[in-house]
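Reader: I would like a close look at a single part, and then at how the rest is put together. Please keep to what can be read from the coordinates.

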Amino acid sequence: MKGDYGYGKMQNVVTSMDYERLLCSTGPYEGEILRPSDKKHPHKTAWIQCVGSRRVTPGDNSYCSAVCCTYTQKQVILTKDHDAGAECTIFHNDIRSYGKDFERFYQRAENLPGVRFIRSYVSIGKEIQESKNVTIRYATTEDGVKEEEFDLVVLSVGLNPPADYEDLADKFGIELNSHGFCKAIPSNPLSTTRPGIFVSGAFQGPTDIPESVFTASGAGSQCGELLDYRRGKLTQERIYPPEKDVSREEPRIGVFVCHCGANIGRVVSVPSTVEYALTLPHVVYAQEQLFSCASNCAKEITDIIKEKGLNRVIVAACSPRTLEPLFRDTLREAGINQYYFEMANIREHNSWVHSKEKEEATQKAKDIIRMSVARACHLEPLQELDLPVNKTALVVGGGVSGMTCALSIANQGHEVFLVEKNKDLGGMARRIHYTLDGRDVQAYLRDLVEKVYRHPSVHVYTDATITEATGYVGNFVTKVNSERGVEEIKHGAAVIAIGADIYKPTEYLYGEDDRVITHLELEERISKGDEKIISAESLVMIQCVGCRNEDRNYCSRICCSVSIKNALKLKEINPLMDIYILYRDMMTYGFSEDYYREASNREVKFIRYDPLDKPLVETVKEGGTSRLRIAVTDYILGKKLAIDADCLALAAAVIPSAGAKEVAGLFKVSLGPDDFFKEAHVKLKPVEFAADGVYLCGMAQYPKHMPEAISQAYGAAGRVLTLLSHDTVIASGSVCEVDQKKCTGCGACISACTYDAIEFRETRQGKKAVVNPVICKGDGLCNARCPTGAITLKHFTDAELLSQIDAALGDV
Amino acid sequence: MCSGRVDLSFVLRAFSNGMDGVFIGGCRLKECNYITHGNYHALNMVLLGKKILEHIGLNPERLRIEFMSGGEGILFADVINDFGRKVKELGPLGKSEGIDKNELKSKIQEVAKLTPYIKIVKREKLESRLENKAEYDGLFTREEVDRLFREVISYHIDPEKCQACMICLKKCPVEAIAGGKNRIHVIDQEKCIKCGTCFDACPPRFGAVKTISGEPVPPPLPEAERTIIRKSKEKGAS
């Protein structure tokens with residue numbers, strides 16, 4: 001951080017990293033946002049974007065740091081969360097909402113009251129003596145130059161390569177790129193220049209969380225390809241003590257209340273909750289812990305279960321989402337069935353949201369614990385199922401992602417069935433000819449297809465459709481109809497890599513005037529050397545055609561780079577061509593920013609338009625010839641321009657594959673609001689689905705550039721291997737079960753279960769519903785639909801939940 | 001567990017316990033973590049629940065459902081604050097509606113006892129998936145719910161026709177039918193959940209199970225008169 005924008009000189013100018021600490025409950029003021037000069041709550045806060053990024057001045061980075069737009073929006077949302085009356089102003093250049101759900105996230109921040117996004121370069125004015133407030137000078141088209149005072153200024157700083165990058169590169173003998181990040185080999189974004197050394201995460205370049213996660217998994221998969229012969233040689237099976245049957249014993253409950261450092265203890269009076277817990281029925285032991293999840297505390301829980309003869313355990317701490325598996329393990333270590341564990345969430349549901357109401361929060365913690373104790377009395381021991389794993393994988397979609405994933409799995413010793421709906425492998429890449437950095441895509445594709453066909457363990461089905469997919473993790477059965485006829489494939493894992501389609505524009509005279517084409521069509525024509533295109537005098541490109549609008553509320557991520565790529569190619573062939581790119585925000589995140597700059601330097605003209613004032617395209621007859629005329633408002637010049645073009649290329653949106661709904665239905669996975677496949681967790685589980693054993697990669701998940709698709713394909717392969725390398729997989733014990741005596745065969749459960757986990761079986765007492773526990777996902781809809789109470793979601797039974805409802809009221 | 005797991009009986013239990021309001025949070029509609037879209041089931045249940053509250057004489061605004069994602073903490077807080085305010089405004093359950101506490105409790109419990117019956121007769125609507133707000137409003141009407149309770153069906157075994165074949169008795173999911181071999185079967189109206197299994201099970205040639213609506217169920221046959229004397233046996237005896 002240089003002394004830009006008064007940082008280091010003015011107290012109330014902080015970096016986004018400093019601010020992140022202020023927001024954090026373990027930060028300097030325990031989550032209170034206090035400004036440095038007087039430790040008071042800032043009311044008016046400004047963020048300045050692109051600090052140190054997207055600049056060619058010495059000491060700055062020429063690339064875009066790719067994460068700052070969205071992290072700033074997050075900080076704004078959190079700030080408004082802390083203080084609903086806060087005024088937040090963001091001075092920005094382009095808003096780079098290129099990631100999945102980023103556009104919606106941006107809108108969410110922008111729509112908050114008191115939040116202003118202002119597109120302007122800024123400079124710091126002065127620090128005001130008495131208040132230590134800071135002024136910012138900025139300019140808008142409406143008001144011209146203004147100077148405004150803020151209580152606090154946050155500089156959204158970008159990402160640098162690691163401090164010791166040169167030393168690191170020397171030690172490992174790997175090369176770096178011109179920005180000081182790791183240099184990848186052209187065909188494999190996860191491989192360094194030295195064979196056998198791989199790279200993942202932000203050392204590749206500025207990277208968001210999901211990319212970091214799947215590149216890590218992908219690098220793991222590539223290590224697996226090299227080390228597969230050693231797999232499992234160093235693993236040791238964990239041995240648990242035999243499980244004691246305590247189901248007939250009176251409940252003996254132990255309650256452990258966690259301070260979570262200061263997260264809970266700062267708000268809730270933990271000692272008084274412990275005291276209270278001891279007054280509850282069946283509670284024989286209670287204590288506090290600083291961090292229940294720390295390994296010494298977990299061990300303590302195990303020891304106390306044994307020592308005190310506990311048969312049920314409650315940890316009052318955080319959300320069960322992350323740590324429930326760990327605490328269940330502490331019961332197993334003590335020889336108690338893990339389903340006797342219950343978690344009371346007194347952090348997310350309590351201390352974090354009631355930090356200002358300490359007494360009430362303590363009372364609420366007691367209420368939550370009391371409800372957990374009530375439920376714990378009704379808990380039942382459940383057994384998890386060990387399912388055998390079929391070691392074969394099925395990959396749906398034979399594009400670059402599908403093929404890359406299939407090869408990586410096959411290289412680790414597994415048979416792979418690769419199913420492609422078209423006659424040829426290749427998918428969208430068949431229409432792409434060169435990359436931004438000038439590489440030949442078709443040559444790469446030919447080589448990849450050849451590797452796939454030559455691999456003895458990859459079985460390719462083209463012209464194929466999937467007619468049926470049944471089964472569950474480790475044991476799927478999928479029917480494929482192809483030239484080979486109908487075949488039933490048994491497999492343990494499935495990868496959805498069906499790619500995406502391109503929007504067919506209905507706007508800007510597309511389909512009416514043959515000079516109007518899409519960016520992909522432009523690329524095809526350039527690569528064929530189409531005279532009409534390469535000798536054009538004037539060519540216009542319009543960005544965001546069919547997306548970032550009401551119909552498709554997302555950014556297609558790749559189109560800005562594609563347009564720049566085409567523009568640079570055309571300038572290379574015909575330097576005299578006038579090229580205009582009409583855009584909303586240039587989404588050249590990361591290193592592609594350099595190509596944006598290069599295009600600009602080569603006189604490609606970038607004109608920003610507003611979505612409420614879109615370009616107008618018409619054909620005009622002048623002097624007996626028909627011209628294509630594009631009218632657009634130039635906000636910098638402040639006037640309407642009319643550009644006559646020989647060709648108009650539309651950056652048509654990437655849209656979900658036409659087959660997405662069908663495939664989602666077959667494999668029982670879900671789609672997000674834009675109909676791209678919905679991963680299990682957008683940040684932390686980017687290649688998994690909520691349905692076990694089904695994985696995701698490529699454009700089926702979201703539009704992405706080829707290197708990103710390749711990385712994600714390796715990432716999915718890595719996750720597939722963690723499943724297929726085991727002989728068995730565990731299915732949850734919290735599934736539904738039918739009491740046959742109570743079942744009247746009404747079928748309400750069957751129509752509720754779209755997983756098809758329930759079926760009728762004929763018995764002497766008529767047809768009765770039966771649940772297949774390995775297909776059941778434990779949503780419990782059937783339980784709520786059943787009129788006779790015959791079907792029960794184990795671990796969330798009526799008795800368990802009603803006991804909690806009864807306990808909610810307390811002693812009032 | 002899905003929001004669709006929230007049973008009508010849970011909601012009624014909370015009100016029966018004297019809770020002043022019940023809030024259910026579900027995932028955003030059309031964005032299911034499973035593939036079942038159970039949040040629509042929860043929505044339907046709440047829409048029905050609101051009409052039931054009205055039927056009882058309670059303010060339907062005491063029951064509320066909202067849909068949001070795990071990332072929408074602020075929305076959740078806003079909604080809960082708003083609901084809290086609303087419930088405070090409505091005041092203690094029953095008091096502001098002018099219903100006596102004990103009377104209210106017994107009214108709710110009476111309705112709660114009919115939960116299985118409600119699930120059966122409203123099954124189709126409870127599983128439906130509505131597309132817009134206008135449809136929500138029309139899904140259940142007050143008139144419909146009033147009629148449901150007015151015309152509640154009871155099942156009764158006609159002692160004249162019962163052949164004590166044990167078919168209904170074996171099939172009853174809640175063991176509400178007393179009887180045995182050569183003992184006329186009698187439905188315990190307290191235990192009966194009105195699922196109609198006995199009605200469907202009784203062989204058409206006997207036609208002993210009747211539905212009764214709008215009038216009281218005849219009293220059960222005294223224990224002493226329940227033995228069937230078969231004609232063949234009578235013959236044998238004479």
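What should the 19 residues of helix α2 of chain B span at 1.5 Å a residue, and how far apart are its end C-alpha atoms?

Author: This is a predicted model. Helix α2 of chain B covers residues 38-56. The expected span counts 1.5 Å for one less than the number of residues.

α2(B) is mostly covered, with 16 of its 19 residues buried. Buried here means that 20 or more other C-beta atoms lie within 10 Å of the residue's own. After the helix comes B:Gly57, which has a positive phi, near 110 degrees.

In soluble globular proteins, nonpolar side chains tend to be buried together. The largest nonpolar core in this model has 251 residues, and those with the most contacts inside it are A:Val495, A:Ile496 and A:Leu648. Leaving aside residues up to four places away in sequence, A:Val495 touches several others, among them A:Ala393, A:Val395, A:Cys405, A:Tyr695 and A:Val720. Another core, of 45 residues, lies apart from it and includes A:Cys258, A:Leu280, A:Ala286 and A:Phe341.

Where the chains meet, chain A gives 39 residues to the contact and chain B gives 36 residues. On the side of chain A that touches chain B, α19 (748-752), α20 (781-785) and α21 (798-808) of chain A each supply at least two residues. The largest share, five residues, comes from α21(A). Sorted by class, this side of chain A has 19 nonpolar, eleven polar and nine charged residues.

Chain A also holds sheets. An open sheet of three strands has the order β5-β6-β7 in chain A, and its pairing is antiparallel. β5 (122-127) and β7 (144-150) of chain A are at the edges with a single partner strand each, so each has one side without a neighbour in the sheet. On average, neighbouring strands of this sheet are turned by 30 degrees against each other, direction ignored. Strand β6 (residues 134-140) of chain A runs antiparallel to β7(A), and seven bridges join them. A:Tyr138 has A:Lys146 in β7(A) as its bridge partner.

An open sheet of three strands with antiparallel pairing also has the order β26-β27-β28 in chain A. Its edge strands, β26 (616-622) and β28 (639-645) of chain A, each pair on one side only. From one strand to the next, the twist averages 35 degrees.

Conventions. Residues numbered from 1 in each chain as written. Chains lettered and ligands numbered in written order. Predicted model: local features only at pLDDT ≥ 70, side-chain atom pairs only at ≥ 80, totals over all residues. Helix = DSSP H or I, 4+ residues; strand = E, 2+ residues; numbered from the N terminus. Buried ≥ 20, exposed ≤ 12 C-beta atoms within 10 Å, placed from the backbone. Core = buried A, V, L, I, M, F, W, Y, C linked by C-beta atoms within 7 Å. Contact = placed C-beta atoms within 7 Å. Nonpolar A, V, L, I, M, F, W, Y, C, P; charged D, E, K, R; others polar. Pairing = 2+ DSSP bridges. Axes fitted to C-alpha atoms, helices over the stretch in contact; angles between N-to-C directions.
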